Structure formats: C-alpha cells, structure tokens
Amino acid sequence: MRFAHPLVEHIDFSPGERFLVTYSSHKPSNPRDTHVVVNIFDVRTGKLMRDFKGSADEFTTAENIGFSGLPWPCFRWGGGKDDKYFARLGKNIISIYETDSFSLIDKKSLKIENVVDFCWSPTDPMVALFVPEMGGGNHPARVSLVQIPGKEELRQKNLFSVSDCKMYWQSNGEYLAVQVDRYTKTKKSTYTGFELFRIKERDIPIEVLELDNKDDKIIAFAWEPKGHRFAVIHGDGPKPDISFYCMQAANTSRVSKLTTLKSREANALY
C-alpha cells in the first residue's frame, strides 16, 4: 500500500496497527505562520480517514513540545488494542475522537480548565489527566480518571504544593502510579511521593507512598510489565539506591517494600 503525503516528516502507527498517522509542517518566511498537516490513513485499505490542518500553535501546548518544537506523536491512542480512540491536548481541552466515525465524541472536546497532561490506560477506555495548582494554591493540583466515551469522572485526587507530576500506567492497566514532586514548607526545595491507584478494585482506592528518605531525588520509576511490582531508582550521588515494591504482598492489599539494592551505578530502569 502507498500513502501519499507531500513533504512528509514524521509517521506514527496506532498501537493496534490499524492506522497510520503522517505529519508535515510547511514553514513560510514567518515561522509564526507554520502550517501543519496531519493525515490518518487506514493501513489495510490505504484510505485517508481524516486530515487535520492548522497553524503550528493549534498543535502545540506548552507541555507537549517534542523535537523541533512540535509535539509528536500529536495524537495519543486509547481503548486498548482496538485503536478505538485517539486524543490530543489543546488549551483547556482534551479532544477525543473515535475511529468508527473519526469525529469528536459527542461532537465536542472534553473541557478541563488548565489541563497540561493526560495519558490513556493501556487496556481500558480511560484517561488519567493532570491539572496543576492555580491561584497561588487556592485551587490545588489534581489528578483525575475519566471514563470514555461517557466522560464521567471515576476518581479524583487533589494534591497540594505540587511542583511537578508524572503518570505511569502498569501495562495491564491495573495500576496507575502518579509521581508527585512537592514543595517543602519554605518552597526552597522539593521532595517526591507517589500516589498509587488500584484501577480494578472497587471505588479505585488510592495509596500514598513515600520513600524511607523522602528527600531522595527520584531518578527513574518502572512497573514490572503485567506484574504487581515496581522499582524506583533514588538518591543524590553517582551511586543511587534501587528499591523494589509490591502492590500485592502476602495477606495484605497494601503496597510493601521488598528490598533495596544499595549504591549501584544506575540511572534507568527496564
């Protein structure tokens, strides 16, 4: 199959490989007027299912700038292996499309004031999204889980004094870990904790985990694929520690620490 896209710069396949997304940007003399073209093709038939055209600004929010100052991939796919949904972040909105009709769900975007990040569950039609603190702390930051296509909020957690937040899904969509950097009382430094969501349990309980030394810098975090364990590299020196935790320890449904490997040269986890 051949797919036509003049001056194509980037491509991306949906996770189930049903669709191919192609991208080009056409730069006139004034870079502010950069024109972006994104096409989505059906891989098997070669049919153009939908195209998106617009200024580079429309495709860019401050948080998702990738290489060359543009967000790529600009669409994130959801709904598991069926490639049922794709979405992109806009200003105060998340635009979620479904691939049956290639139109917005309910013909409108999900409005969320100040949303800066979102990520799909790898297995279920659900997004986790993050909204930072606003109004000098009057409106706390929050992480929220939203069911698609109904767009109802399944769970929300308000977080205070947040400087940054990263979200990590376990590959089966059973757990979501939210790594939260918070300011100390003096605002001079930050420390990190984790909010652990148990997605498949009733009412989605949330547990808070702090490291034994909560001032340790977090260097890396990773879930065991399809498993109940995760690991964290933490520490300040060239030889940090690596701690392993389990979400399903014997006879308890609480997170528990398995072991720590002390002072190892490591900065990435797989």
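In this tour, a residue is called buried when its relative accessible area is under 20%, exposed when that area is over 50%, and partly exposed in between, with a 1.4 Å probe and protein chains only. What you have open is a predicted model, in which local features need pLDDT of at least 70 and side-chain atom pairs count only at pLDDT 80 or more, while totals for chains, interfaces and linings use all residues. Residues are numbered from 1 along each chain as its sequence is written, and side-chain values use heavy atoms, with hydrogens and water left out.

Begin by selecting Leu-7, which is found in the segment before strand S1 (10-13); strands are DSSP runs of E with at least two residues, helices are runs of H or I with at least four, and both are numbered from the N terminus. Leu-7 has a positive phi of about 60°, although it is not a glycine, and with 63% relative accessibility Leu-7 counts as exposed.

Next, select Asn-92, in the loop between strand S6 (85-90) and strand S7 (93-98). Asn-92 is not a glycine either, yet has a positive phi of about 65°, and its relative accessible area of 23% makes it partly exposed.

Move on to Pro-149, which sits in the loop between strand S12 (141-147) and strand S13 (153-159), and look at the peptide bond leading from Ile-148 to Pro-149, which is cis, with omega near 5°. Most residues other than glycine have a negative phi, and most peptide bonds are trans.

Finally, select residues 157-269, which an unreviewed UniProt entry lists as "domain: Translation initiation factor beta propellor-like"; UniProt positions are given in the numbering used here, feature names are shortened, and annotations may be inferred rather than shown by experiment. The span 157-269 is 0% helix and 51% strand, and its end C-alpha atoms lie 27 Å apart.
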